[in-house]
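Work through the exercises below with the model open. Try each task before reading its solution.

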Amino acid sequence: MALQVPRRQLFIDGQWREPLLKNRIPVINPATEQIIGDIPAATSEDVEIAVAAARRAFSRNKGKDWASASGAFRAKYLRAIAAKITERKTEFAKLETIDCGKPLDEAVWDMEDVAGCFEYYADLAEGLDAKQKAPVSLPMETFKSHVLKEPIGVVGLITPWNYPLLMAVWKVAPALAAGCAAILKPSELASVTCLELAEVCREVGLPPGVLNILTGLGHEAGAPLASHPNVDKIAFTGSNATGSKIMTAAAQVVKPVSLELGGKSPIIVFEDVDLDKAAEWTAFGCFWTNGQICSATSRLIVHENIAKEFLDRLVKWVKNIKISDPLEEGCRLGPVVSAGQYEKILKFISTAKSEGATILTGGVRPKHLKKGYFVEPTIITDVTTSMQIWREEVFGPVLCVKTFRTEEEALELANGTPYGLGSAVISNDLERCDRISKAIQAGIVWINCSQPCFCQAPWGGNKRSGFGRDLGEWGLDNYLTVKQVTRYVSDEPWGWYRPPSKL
């Protein structure tokens with residue numbers, strides 16, 4: 001019998017709760033196309049209940065139970081969650097794999113990162129205590145000033161399906177560390193491990209309402225969360241179209257947002273490189289996570305002197321990638337997440353062909369896999385800058401290629417996009433790498449690699465790739481508000497106005 005996902009309800013106020021309309025959404029394993037369970041479908045009515053629960057949790061006992069408790073108090077819960085996830089790492093990884101299709105080895109790595117992220121923000125929560133009342137230097141001795149860092153309030157966290165639990169935790173862990181109460185709305189295409197996170201929170205005794213988890217469709221659960229007047233901030237990772245809608249909804253009540261949106265990231269390969277090392281990083285940068293990464297370096301910009309030899313070598317690397325059921329040992333490319341994504345990716349490839357590009361390798365379903373949403377890793381050449389494949393995010397295992405002659409031309413191609421999330425440069429000339437790092441218009445630059453991600457370093461983009469940063473101390477700042485406290489310390493009257501005449 002096929003692996004099934006646990007049957008869960010919505011997680012509100014520390015309890016499992018059936019959605020008010022009792023609707024559910026089927027969960028389909030993208031490797032087999034079989035239904036392996038279902039998840040609850042929240043609607044605006046459930047959002048109301050969850051927001052009220054979060055608001056109560058935030059203000060309970062005048063905030064002393066969570067929001068204004070010490071960072072050390074909150075850190076204990078974050079560490080307990082990390083320990084439980086480590087304990088159940090293999091089980092969580094299998095659930096992630098059958099839910100979204102990523103290779104099992106990747107999913108295991110993700111679960112280790114999930115636990116690491118909770119541990120990291122536990123440390124930062126403790127560090128917050130020492131940073132309170134940080135003095136501000138003033139030019140007048142008659143005043144003393146300090147700063148308080150306080151949780152922003154009730155936050156809505158809307159997260160994507162490509163790293164279902166990890167990208168949720170990139171927001172959940174700092175939000176809880178800061179003292180916020182949160183409502184998490186993961187993507188309906190992959191919510192299973194987020195519901196298991198709810199069970200972990202229940203097991204460790206996280207105070208009720210501090211984290212509420214609502215699964216459901218974007219327009220039925222995400223939209224009412226984004227526009228809710230009692231939600232103080234929205235943090236979103238996902239598509240540009242949805243990000244724009246969230247920003248519009250938040251603007252009506254002047255609510256802060258942080259957005260991590262799409263990308264069309266470049267990887268520039270110069271002529272002085274080791275071809276095999278550069279080829280492996282180029283393949284990894286585009287085909288890791290089945291090509292479904294917002295930061296994927298999916299535009300290869302390669303020096304014309306090595307282009308032919310480099311592409312020959314790259315094709316050999318790509319043809320050697322094991323494509324299989326993602327639970328199979330050694331799988332390095334699984335299916336894309338859904339039938340809709342599969343059709344969309346094939347349409348991108350056929351449009352590129354019709355516009356005059358060449359499919360150098362891939363572009364079709366692997367012959368040995370008759371079921372599942374599998375697309376061979378695809379390399380497209382003879383591309384012009386006006387083609388859709390060069391301009392738009394595919395979100396699948398598709399790399400498009402252009403050559404360059406000069407460093408200036410490479411930079412012009414790299415920056416000629418409305419996006420600015422990731423970027424990579426591969427060269428043995430480190431001075432050149434530094435020049436490129438400064439000149440490239442992106443929130444992340446990788447030198448002689450692509451896609452490494454560490455919870456200590458900031459993550460986010462420029463231009464249409466959004467604003468605000470996840471991870472690192474910047475991720476914690478997302479969920480804090482800064483309060484100035486200034487005191488008059490002189491015994492003398494202020495003396496600006498003439499005192500009223502004494503009787």
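**Exercise 1: A surface tryptophan**

Trp494 is exposed, at 55% relative accessible area. Exposed means over 50%, buried under 20%, and partly exposed in between (1.4 Å probe, protein chains only). This is a predicted model, where local features need pLDDT of at least 70, side-chain atom pairs count only at pLDDT 80 or more, and totals for chains, interfaces and linings use all residues. Residues are numbered from 1 along each chain as its sequence is written, and side-chain values use heavy atoms, with hydrogens and water left out.

Task: place Trp494 in the chain, then name the residues of its nonpolar surface patch.

Step 1. Trp494 lies in the segment after β22 (480-488). Strands (E, at least two residues) and helices (H or I, at least four) are DSSP runs, numbered from the N terminus.

Step 2. The patch consists of Met140, Tyr488, Trp494, Trp496 and Tyr497, with an area of about 710 Å². Patch residues have over 30% relative accessible area and no salt bridge; nonpolar side chains (Val, Leu, Ile, Met, Phe, Trp, Tyr) are joined within 5 Å, like charges within 9 Å. Areas come from the Shrake-Rupley method with a 1.4 Å probe; for residues, only the protein chains shown count as cover.

**Exercise 2: The annotated site**

Task: find the residue that UniProt marks as "active site". Is Glu260 buried or exposed?

Step 1. The unreviewed UniProt entry puts this feature at Glu260. UniProt positions follow the numbering used here, feature names are shortened, and annotations may be inferred rather than shown by experiment.

Step 2. Glu260 sits in strand β11 (residues 257-260).

Step 3. Glu260 is buried, because its relative accessibility is 3%.

Step 4. Leaving aside residues up to four places away in sequence, Glu260 touches Met167, Phe236, Thr237, Gly238, Cys294, Leu421, Trp459, Gly460, Ser465 and Asp470. Contact means heavy atoms within 4.5 Å.

**Exercise 3: An enclosed strand**

Task: explain why β8 is described as largely enclosed.

Step 1. Count the buried residues. In strand β8 (residues 181-185), 5 of the 5 are buried, so the rest of the structure largely encloses it.

Step 2. Check the faces. In a regular strand, side chains alternate between the two faces of the sheet. Ala181, Ile183 and Lys185 are buried on one side of β8, Ala182 and Leu184 on the other.

Step 3. Find a partner. Strand β7 (residues 154-158) pairs with β8 in the parallel sense, over 5 bridges. DSSP must find at least two bridges for two strands to pair. Leu157 has Leu184 of β8 as its bridge partner.

**Exercise 4: Salt bridges across the chain**

Task: how many salt bridges are there, and which parts do Asp470 and Lys171 tie together?

Step 1. The count is 30 salt bridges. Each has a side-chain nitrogen of Lys or Arg within 4 Å of a carboxyl oxygen of Asp or Glu.

Step 2. Asp470 and Lys171 form one, at 3.0 Å from N to O. Asp470 is in the loop between β21 (466-467) and α15 (472-477), and Lys171 is in helix α5 (residues 164-178), so the pair ties together parts 299 residues apart in sequence. Both Asp470 and Lys171 are buried.

Step 3. Compare Glu119 and Arg79, whose closest N and O atoms are 3.5 Å apart. This pair links helix α4 (residues 104-131) to helix α2 (residues 71-87), 40 residues apart. Glu119 is partly exposed at 33% relative accessibility, and Arg79 is partly exposed at 26%.

Step 4. Finish with the network. Salt bridges link Arg8, Arg88, Glu91, Glu196, Glu199 and Arg202.
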